[in-house]
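Biologist: Before we look at any details, could you show me how to read a sheet and the helices around it?

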Amino acid sequence: MNRSIRLRIALAVFAVVVSLVALQNVWVLERFKHGFTEEIDDRLEEDLGEIRLVLGTPALAEWIQEASQRQRREDELFIEVRDADGKIVAHSLNVPDAGFPGAHGTIGPPKLYYWEFAHPRSRSGARRVRALEAWVGEYHVAIGISLQETQRWYWGLRKNLATSLLAIAVLGALSAYWVAARSLRPVSRIAAQARALGSLPDGVLPRTGSGDEIDRLAAVLNDLLHRIREEVLRVRRLTADAAHALRTPLTAIRGHLELDAAGAGDASEPVATAIEQVDDLIRFVNRLLLLEKLESGMGEPTARERFDLLELARELVDHLRVIAEEREISLECRGESAWVEADAVWIRQAIVNLLDNALRHTPLGGKVAVDVGTLGGAAEISVWDSGKGLPPDQLERVFERYYSTRGGTGAGTGLGLPIARAIARTYGGDVTATSPGGARFVLRLPVAGEAPI
Amino acid sequence: MRVLVVEDELRVRSFVERGLREAGFAVDSAVDGEDGLRLGLVNPYDAIVLDLMLPRRDGLSVLRELRSGGRATPVLVLSAREEIDDKVRGLDAGADDYLPKPFAFAELLARLRALLRRGTARPSLLEVGDLRVDLLARKAERAGQKLDLTQKEFALLEYLARHAGEVVTRTMISEHVWDMNFDSFSNVIDVYIRYLRRKIDEPFEKKLIHTRRGVGYMLSAAT
């Protein structure tokens, strides 16, 4: 089926116009035919009246001659007069030898009918004639008028009507298409804008201001977006508030556990486990608050310095090399200098999150490759692991909070990748995922040009 | 040693007080800024632990008043982690160190001790049991046997030896030995501790590196 509303509307308009105009044309043609027949019948009556005057007189032959020649060839007049025995008394020369077909009937009222016969002087052969026969005294008179002219008109009209029908329908369909396309243009704009909206729908859909249905729909959707945004922000605020509120009791719990443990020399197993669990909670709360701060725009870049991503990457790779070695993972860093301007502390955190993620999801004996370079005005660092990769539907979802289904070693909090992305976005960049074999995460930042020497 | 703790949160104050007392400090405490400032100006404390978010008078103001009142007492500021700005402002206002909340008590203790030690001469040779760490030659030996350490391993050992007998947390190690304070799942420190153990403790019967689970590590000759 067709998926374009514009085309569907145009086709519908075409079909409707064709049927309506066709119906109207049929009516017009019928009226035309009817009108013409009436006119011809009147003339036949008239001629019958005239012939009545000369019937039975020597003037008959002369009248017939004159009358049949008076007419133009197209509406030729045919006349035939018989006596009571059916014998032809007089006739115009154009009447065929067999005479009129019904001209020997019994006495009755005058009769109108159509008559078709092969005309010797007609190129097309067949000729259609409107005929009137009537008894005038003891004579049987038959008069016919050729319909050739009428038919010519009729066919001409029919042809013109058909042509205009097609033209009207095509024009109608085209204008319908144009109007539909014009009215639906805001829909494409709305769709494009909506597609660009993130998981936190900030921004509004474009309105035409015309107040039409689409404009009203856009208004309703904007209202909906606003409410969703408010709700998302409310939930986030709630989470942040909860995280905030958790910190003091967590600190206190941790402090008391620690003091108990220290008092006993070394912590007992349950106390040590409890401390570790509290530490996990504290880490989680800290990450959540960090993400909250970044995403709410509070993490405005404070310090900006110019540094080389490659240098930073090398430093971090060296730092984490022991972790890779523990798991027999080959960890490589290569590429070219890529200067950026940002807060190195934050970018370092973002890259560490990507490296942590890669190391956790690479099997024993696998490989993690870090590439640095510039591409089209962006400084790029990509972290590529030899893990099992990501299915296409998860490439975006891994950046959602708490989304963690990759089943790597050591459970993450599901906040590392969202934090990396939020940091990159704070500095005008982004983090995206692809899965060419293993998973590949690319952090991009606006390039800052060459370092001043 | 006499320490003043200015903290309005009872839950935090209670364990800090208790912990410091157990560690052998004499502890006074104040629950708001005015009270803290009054005590700080009146008594000659060896150190002050100061929260930033306080009722009646905020921590920064207390700090400024103390300094303008001529008190050079070392001050350790406590504050919520996200107040990075406060860290800078806190140090400008005369704080000597800064500890983000939530914190481990061991870390508070270690930082406090570091503040109190400040200004005392640093020896160039550290000895822990039969382990000798020569900071000038950057060499270490145990029971007369030379230890073959990488740079990182030596730096870690140096830090542990400087704080011999005290528990140091992973955060402290990563800040001071690696100069990298970031949040990571990958525990690089544990790996280096393992490397260090292999060289320092494995060949010997007496173990010097102790793990305080949930807290950190300690280098100590005592058992």
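**Reading the sheet and its helices**

Modeller: In this predicted model, chain B holds an open sheet of five strands, which follow one another in the order β2-β1-β3-β4-β5 and pair in parallel. The edge strands of chain B are β2 (26-30) and β5 (97-101), each of which pairs on one side only. Ignoring direction, neighbouring strands of the sheet are turned against each other by 20° on average.

Biologist: Which helix touches β1, β2 and β3 of chain B?

Modeller: That is helix α1 of chain B, residues 10-22, which packs on the sheet and whose direction makes about 165° with that of β2(B). Helix α3 of chain B, residues 59-68, also packs on the sheet, where it touches β1, β3 and β4 of chain B, and its direction makes about 150° with that of β3(B).

Biologist: How many bridges join β3 to β4 in chain B?

Modeller: Four bridges join β3 (residues 47-51) to β4 (residues 75-80), and the two strands run parallel; B:I48, for instance, has B:V75 in β4(B) as its bridge partner.

Biologist: At what angle do the axes of α2(B) and α3(B) cross?

Modeller: The axes of α2(B), residues 33-42, and α3(B) cross at roughly 20° and come within 10 Å. Angles under 35 degrees count as roughly parallel, so α2(B) is roughly parallel to α3(B). Their crossing is right-handed.

Biologist: Which residues of α2(B) and α3(B) meet there?

Modeller: From α2(B) come B:G33, B:G36, B:L37, B:G40 and B:L41, which meet B:G59, B:S61, B:V62, B:E65 and B:L66 of α3(B). Sorted by class, this contact has four nonpolar, five polar and one charged residues.

Notes:
Residues are numbered from 1 along each chain as its sequence is written. Chains are lettered from A and ligands numbered from 1 in the order in which they are written. This is a predicted model: local features need pLDDT of at least 70, side-chain atom pairs count only at pLDDT 80 or more; totals for chains, interfaces and linings use all residues. Two strands pair if DSSP finds at least two bridges between them. Axes are lines fitted to C-alpha atoms, for helices over the stretch in contact, and angles run from 0 to 180 degrees between N-to-C directions. Two residues are in contact if their C-beta atoms, placed from the backbone, lie within 7 Å. Angles under 35 degrees count as roughly parallel, over 145 as roughly antiparallel, 65 to 115 as roughly perpendicular and the rest as oblique. A crossing is left-handed if the near helix is turned anticlockwise from the far one by less than a right angle, and right-handed if clockwise. Ala, Val, Leu, Ile, Met, Phe, Trp, Tyr, Cys and Pro count as nonpolar, Asp, Glu, Lys and Arg as charged, and the others, Gly among them, as polar.
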